[in-house]
Amino acid sequence: MSEKNKYYITTAITYTSGKPHIGNTYEIVLADAIARFKRFQGYDVRFQTGTDEHGQKIENKANEEGVTPKEFVDRTAAEIKRIWDLMNTSYDRFIRTTDPDHEVQIQKIFKKLYEQGDIYKGEYEGLYCTPCESFFTESQLVDGKCPDCGREVGKAKEEAYFLRLSKYQDRLAKHIEEHPEFIRPESRKNEMINNFIKPGLQDLCVSRTSFKWGIPVDFDPGHIVYVWIDALSNYITGVGYDADGEHGELYNRYWPADLHLIGKDILRFHTIYWPIMLMALDVPLPKQVFGHPWLLTGSDKMSKSKGNVIYADDLVDIFGVDAVRYFVIHEMPFDHDGSITWELVIERNNSDLANVLGNLVNRTVSMSNKYFGGIVENKNVTEPVDDELKKLAVETPKIVSEKMDELRVADAVTEVFKLLKRCNKFIDETEPWVLAKDEEKKDRLATVLYDLIEGIRISADLLYPFMPDTAEKMLSQIGAKRCDLDELISQGFGGYESGSKVCEKPEILFARLDSDEVMEKVLKLEEAASKKTAAPATETAVTVDEVRSKPEITYDDFDKLQFNVGEIIECKEVENSKKLLCSKVKIGNETRQIVSGIKKWYSPDEMVGKKVMVLMNLKPARLAGVLSEDMLLCAEDPDGNVVLMSPEKDMPAGSEIS
């Protein structure tokens, strides 16, 4: 594979402190659109995302909830992955900083940097922000608070290891100067140079001793590897980097990364700390770091404390995946913040998706069926009015490709919608319903419909990276197959095979939504979220008014049942089943296979490591063709929500329940 044909793109790894909102989710959707478009251009793409799972904040949150840090991050990472999958993102690896292969390399990287003198031991005293896991000097604070998140800071002093940033300062400045494309947009580059590099870099604290949840420094176990080396190194460990030089095939194939896609708030870490780490390791630097803007709620940054957080799954429940993907891609400018409100999403759904896109496809397919039995033929009976549509259809793939190469993703999808709007205008200009009344103009009518179908085909191919399911449906309705960008450009106008047949009953791709009805649903969502937040941790938010009674049993009946504590050591989805998970459960010195209908509430990753209650002597049965030897005990509330029953305190697997 030649260098020019590979493309390695990463997102920042998401911190596992809670459920990501739509502002966080925007990044994975944007990265997915870029990755899909690069594949469309013929590149061999590697797309990596994942979760950052160590640190004091995680340790504190786990303690508050009475669970281990690993249990906490397992649950949160599973939720993040669920949302990434919900948004139909095509990543190749979802890396977790608790992955064993990552942890091993972090210890090796730390030791290597220490042995060569780039890390040294000292003492740190300063003002510390726990949420940001950062030390600051008094002069760096803003109104006495953290300059990054605005929260309170506290004094901290501890023994620590430091990375010699100052040693590489001049080399980094030279690299940025010689590679103007390294930091994008331009405004972000100027900010890094003027605010951080020119004033002089202070050596970076890269270990901690005040908490335990992290990767130990193997030659000094009282120290935990700090977030910078741990989290940032995922970009190389995730493709098989080895600090001893025994790199994996993926590393040799894909590194250096072509693009680190990150939020503008973590640009300093990726354009100063990270490249200096790589220089110290003698590893090539990534080609580009793009600091994208924020997606705001109206004009405010999303915050649970402000009550203005919007979640991707709530949006999807109302609008569908592709509508949400379209909105966050289309509404985010290249270099300044975008805005989302429920009202804006409704407006875009009705104007762009229902009126422009959905209506065009539905009308064109319906007219093809009505006038020609679904057969689309190019009779080449053209008029001057056709030229403008054809010219735009031929130019659009090239323009979209140029916009995507510049990472102007919102502009790229806008260009596709210009073509769709031009197709709608073409209908108004040619008036097919008028042509249909004149038998002598039948061939002209056929040509008009062919031109419209061809415009839809080209638009669908170009829309695939942004709205994959919608693009597939568009192509299916007109009886066409997807092609890559080179093929699309080489075909010009006329790639749709004359004589092809459209579907008989076109599916409505996007329906117009009633604003009042949607906002009523939103109000219910907000009320439900408010009640959930307000419910005390020691009480349940839902009560069971009526308990269903079963016939009385004797103690002898109960004594026939054998209950034990089990530990789930492996879990996977049951093929061809929407409900079932298959778990391997360790119970004493035995391992049992148990199939449970809980896929709606638990992911396989979330199941592993859980201690559960098992009914041991249930007669084995086959569910969806898979043998289930026992039963996991669950509780179900009046709304049908299911949770696994677990021992209150940690008990050994095999402990008898009586």
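Me: What should I know about the model before we start?
Reply: The model is predicted, so local features need pLDDT of at least 70 and side-chain atom pairs count only at pLDDT 80 or more, while totals for chains, interfaces and linings use all residues. Residues are numbered from 1 along each chain as its sequence is written, and side-chain values use heavy atoms, with hydrogens and water left out.

Me: OK, how many aromatic pairs does a search of the whole structure find?
Reply: The search finds 23 aromatic pairs, where rings of Phe, Tyr and Trp (its six-membered ring) pair if their centres lie within 6.5 Å, and planes under 30 degrees apart count as stacked, over 60 as edge-to-face and the rest as tilted.

Me: Why is the pair of Tyr114 and Phe219 stacked?
Reply: The ring centres of Tyr114 and Phe219 are 4.7 Å apart and their planes stand at 25°, so this pair is stacked. The pair also links distant parts of the chain, 105 residues apart, with Tyr114 in helix α4 (residues 100-115) and Phe219 in the loop between β10 (207-208) and β11 (224-225). Helices (H or I, at least four residues) and strands (E, at least two) are DSSP runs, numbered from the N terminus.

Me: And which kind of pair do Tyr226 and Trp228 form?
Reply: Tyr226 and Trp228 form an edge-to-face pair, with 5.9 Å centre to centre and 70° between the planes.

Me: Are those two buried or exposed?
Reply: Both Tyr226 and Trp228 are buried, where buried means under 20% relative accessible area, exposed over 50% and partly exposed in between (1.4 Å probe, protein chains only).

Me: Switching to strands, how many residues of β12 are buried?
Reply: Five of the five residues of strand β12 (residues 259-263) are buried, so this strand is largely enclosed by the rest of the structure. Leu259, Leu261 and Gly263 point one way from β12, whereas His260 and Ile262 point the other way.

Me: Which strands are joined to β12?
Reply: Strand β1 (residues 6-11) runs parallel to β12 and is joined to it by three bridges, and strand β13 (residues 289-292) also runs parallel to β12, with four bridges. Two strands pair if DSSP finds at least two bridges between them. The bridge partner of Thr10 in β12 is His260, while Leu261 stands opposite Phe290 in β13.

Me: What about β21, how does it pair with β18?
Reply: Strand β18 (residues 563-573) and β21 pair in the antiparallel sense over five bridges, and the bridge partner of Gly566 in β21 is Val612. Strand β21 (residues 611-615) is mostly covered, with five of its five residues buried.

Me: Last topic, which residues lie nearest the centre of the second largest pocket?
Reply: Phe136, Gln140, Phe196, Arg268 and Tyr273 lie nearest its centre, among 30 lining residues. On a 1 Å grid over the protein atoms alone, a pocket is an open set of points where a 1.4 Å probe fits, with protein on both sides within 12 Å along at least five of seven lines, and lining residues have an atom within 4 Å of a point.

Me: Which element gives the most to that lining?
Reply: Helix α6 gives the most to the lining of the second largest pocket, with five residues.
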